[in-house]
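This report covers fold, surface and side-chain contacts. The sequence and structure come first.

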Amino acid sequence: MSDVVFSLVLTVHVLVGLGVIGLVLVQHGKGADAGAAFGGGSSGSLFGSSGSANFLSRTTAAMATVFFITSLSLSYLASNKPAAPSSVMDGAVQSAPAEAAVDAVPAAPVDDSKAQAIPK
């Protein structure tokens, strides 16, 4: 269950991250007019020439907030996962000792009637 939640939060995190990148690239920067390069921009105002925040900047702020929340959620989910075994032998089930397994197998009878004497 936690793997499903982790995958879901990771998917939302990646999609929101790509959305924030796209929104930042689409927005028009403060003082980015052609005249701003020669000192004609209104760089002294607090919010630039457009006044307060518009739709794109509000959407970017909301998506950035979701991005930070998913970042914190991913770190919490990753730190609280149960530890996986560090080797294959850690997950192996131990069976009965080898001595008990040897004693459980009966020895095969030896037929001495067909034994041949080795000449000297």
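## Aromatic pair

Phe67 counts as partly exposed because its relative accessibility is 27%; buried means under 20% relative accessible area, exposed over 50%, and partly exposed in between, with a 1.4 Å probe and protein chains only. Phe68, at a relative accessible area of 55%, is exposed.

The structure holds one aromatic pair. The ring centres of Phe67 and Phe68 lie 6.3 Å apart with the planes at 65°, so the pair is edge-to-face. Rings of Phe, Tyr and Trp (its six-membered ring) pair if their centres lie within 6.5 Å; planes under 30 degrees apart count as stacked, over 60 as edge-to-face and the rest as tilted.

## Basis of the model

This is a predicted model, in which local features need pLDDT of at least 70 and side-chain atom pairs count only at pLDDT 80 or more, while totals for chains, interfaces and linings use all residues. Residues are numbered from 1 along each chain as its sequence is written, and side-chain values use heavy atoms, leaving out hydrogens and water.

## Fold and surface

The chain has three helices and zero strands, in the order α-α-α along the sequence. Helices (H or I, at least four residues) and strands (E, at least two) are DSSP runs, numbered from the N terminus.

Of the chain's 120 residues, 8% count as buried.

## Contacts of His13

His13 is in helix H1 (residues 2–26) and counts as buried, at 14% relative accessibility. Leaving aside residues up to four places away in sequence, His13 touches Phe67, Thr70, Ser71 and Leu74; contact means heavy atoms within 4.5 Å.

Among contacts in the chain with a separation of 6 or more, 84% are between residues 24 or more positions apart.
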